[in-house]
Amino acid sequence: MATLKASESHCTGAKQRNCKSNIVFKFTESKITGQTFSRGTQLPGGLLQERDKRAKWQGIPTLLQKLYKSSHPNSDLSHAHGLIKVLSSQLSMEAMSFVTEDRKSAQESTFPNTHTFDLFGGVHLLVELLMRPTLAMQKKNPKNAVATVNDDLVKDCLSVLYNCCICTEWVTKSLAARDDFVLFLFTLMTNKKTFLQTATLIEDILGVKKEMIHLESIPNLSGLVQSFDQQQLANFCRILSVTISEPDLGNDDKHTLLAKNAQQKRNSSPSRAEDNQVTLLNIPGFIERLCKLATRKVSEATGANFLQELEEWYTWLDNALVLDALMQMATEEAEQSSTESSDESSLVPSPLRHRLPPSMKIVHEIMYKVEVLYVLCVLLMGRQRNQVHKMLAEFRLIPGLNNLFDKLIWRKLTLSNHVVHGQNENCDCSPEISFKIQFLRLLQSFSDHHENKYLLLNSQELNELSAISMKANIPEVEALVNTDRSLVCDGKKGLLTRLLTVMKKEPPDSSFRFWQARAVESFLRGATSYADQMFLLKRGLLEHILFCIIDSGCTSRDVLQSYFDLLGELMKFNIDAFKRFNKYVNTPEKFQTFLTQINSSLVDSNMLVRCIVLSLDRFQSQTEDVKVVEVLSECCLLSYMARMENRMAFLFRLVNIINVQTLTQENVSCLNTSLVILMLARRKAKLPFYLHALREKEYAEKYPGCLLNNFRNLLRFWQCHYLNKDKDSTCLENSSCIPFSYWKETVSVLLGSDRTSLCAIASYIDEPFVDLDRDLLED
């Protein structure tokens, strides 16, 4: 201390101030006191100002230095608030440029103000300032507690942090790493005045957080959610979507079934996302409120330029929270204007209000519904699916969506410059397009293998199904009999029929076709229902699908795959469907075009191939039926598949295009289709003939052992994969009408080790080529 005193004794007045602003003095003082530099703003002000001129820091370090001095625990924060407003105006300009310039990747060089603010400790200071009331409340002596920071200051702090997150990913990641801060933010959501800013910041932070947050760790989550009004709840769904969805594994090898099975063995317990889904379902009234949000009506937009406005706005208003903020600002402007002088000469046009289109309320509602439908869709696909289904039926979600279909979901107005969008759920689409796709995904999840699918119809349509069954002299499906008529759709058309109507009007390559076909196919999936098929056949669905495949010029592989799958479900075991097919495909040229489409990508079309093979097998056992015999003799498709060489060609290609290391949820169907061909051959005692033909094909292609060894490895994987998955095995049984026990038995026979057995693959592999790739499954 003597040294310090001595040095200070020579510094008096102005000289003392200059001495303390000297960098050498600062370093000397830090060595003596032990208080080293922890942030850039601790540097002398003169040095910061001098350097500011060269580095073009825009005075941000100096402002932060003042902010540190004016924001200590016992200070009046009004001055600090003024400094934050100045900083906010500088940073918001950079954030706005990022939002409006096609979402360019944030770089430090592109957003120097944001980088400078973070470099000199601005982010850390605002976090400390926000959390200070919480820290103060933890002190033993309540008298020392600092007064709660006022709402406006909190809003401005949150806005600055959000702007930093927009421009600099590092800031977002650093905030996400602080669990205490993330949980603290949820407590701010109880204040309606700061809700929007808080929700926007939380959404950004959770989007980059390495570990998914555990919803149960949020203090009083149930009370928090129940305190939200409907607008807040809709916005909260944006946050929830991050917490209940399984992390995207990307498009690499982690998507393979081999990798997924290995991961499931390592993590047998429910995932964090699954735990969070359970947490949400346990919140009283949560699902009911989401159903009300999803189905509430909104006034129709006036003016023919509505959709054009949407296209102009979606490029940067892709966040319902941002839109909320703009609407809130517009409302505040209106309130302020009403209290000011009515002298027209004193009124200045508001730039914000001038830019807001009159249809904003509709955009607003559409964005809300996108988020709500996404959450409901994820819950429908989770482990609590039956519980969610029961609640969605009880709260009349489907009838409510049916009432919105023509006026909001699928309006008559269409985009003049229709753009094809991919089926990726994260597609950067306009609000209108996102809404339609999310709606179709919800219908697909709702109908898929569930008896509640009949809620998509109205009472008259249910009666029509009953009449179809009666005319065909077959019993009604149990699920149809058990359907609660008070929960079905109202009006002249049910939701499924409305969907079919708009489906036929879509352009050939429209991405909506993919999702529409998936939604209709899910209605047919499961145990085959003749009445369901005839209901759709009577509405011209088969002819529409064939037109799209053969005559429309559609080139989208995704759309074609969805139509192949739908066609397979529509025609399976249905002799009337094959008769209609033959009537439409009435020339050799059309039939050849159809075959070309099938053969162009067997991964996409193999489910249809499976349908034809299964149907042919059943029809060949019904030769006492005159109608069946007639169609068998006339139908070009059945005649083509009846030829042994054509079935063998499909079998060879199906086995050859996949291997264990490349199996995914998308192409594993090729393995199951090849198994169906061999199971049916085994039933007719022709399995050895097929295996021998595969061996001959191997030798003809000059790679003996490769094809059959690959098939053996695939069947070994099949045993590992399906014998531990009840749902998958049930799907296989229902879709093929072949008992799963016969599937297992056939695989065991094919994998038999007895080389004398004519039904074992091993018998057809020469000794030198046995088990070429045996180690694949053991990796």
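Biologist: How do the residues of the lining of the largest cavity divide into nonpolar, polar and charged?

Modeller: The lining has 3 nonpolar, 2 polar and 5 charged residues. Keep in mind that this is a predicted model.

Biologist: Which residues line this cavity?

Modeller: Glu 521, Asp 565, Gly 568, Glu 569, Lys 572, Met 607, Arg 610, Cys 611, Leu 614 and Ser 735 form the lining of the largest cavity. Two elements, α31 (557–571) and α34 (602–620), each give two or more residues to that lining. The most comes from α34, with 4 residues.

Biologist: How many cavities of 30 Å³ or more does the structure hold, and how much space lies in the largest cavity?

Modeller: There is 1 cavity of 30 Å³ or more. The space in the largest cavity is about 90 Å³.

Biologist: Now the helices. What describes two packed helices?

Modeller: Two values are used: the angle between the helix axes and the distance between those axes. Take α14 (residues 230–244) and α16 (residues 272–281) here: their axes come within 8 Å and cross at roughly 135°.

Biologist: Which residues of α14 and α16 meet?

Modeller: On the α14 side they are Leu 240, Thr 243 and Ile 244, and on the α16 side Ala 273, Asn 276, Gln 277 and Leu 280. By class, the contact of α14 with α16 has 4 nonpolar residues, 3 polar and no charged.

Biologist: Let us turn to charge pairs. What does the count of salt bridges come to?

Modeller: The count comes to 27 salt bridges. One example joins Arg 396 to Asp 490, with the closest N and O atoms 3.1 Å apart. A pair is counted when such atoms lie within 4 Å.

Biologist: Where do Arg 396 and Asp 490 lie?

Modeller: Arg 396 is in the loop between α22 (385–394) and α23 (397–409), and Asp 490 is in the loop between α26 (478–481) and α27 (495–503), so the pair ties together parts 94 residues apart in sequence.

Conventions:
Residues are numbered from 1 along each chain as its sequence is written. This is a predicted model: local features need pLDDT of at least 70, side-chain atom pairs count only at pLDDT 80 or more; totals for chains, interfaces and linings use all residues. Side-chain values use heavy atoms; hydrogens and water are left out. On a 1 Å grid over the protein atoms alone, a cavity is a set of points where a 1.4 Å probe fits but cannot get out, and a pocket is an open set with protein on both sides within 12 Å along at least five of seven lines; lining residues have an atom within 4 Å of a point. Grid points are joined across faces, edges and corners, and a volume is the space filled by probe spheres set on the points. Ala, Val, Leu, Ile, Met, Phe, Trp, Tyr, Cys and Pro count as nonpolar, Asp, Glu, Lys and Arg as charged, and the others, Gly among them, as polar. Axes are lines fitted to C-alpha atoms, for helices over the stretch in contact, and angles run from 0 to 180 degrees between N-to-C directions. Contact means heavy atoms within 4.5 Å. A salt bridge is a side-chain nitrogen of Lys or Arg within 4 Å of a carboxyl oxygen of Asp or Glu.
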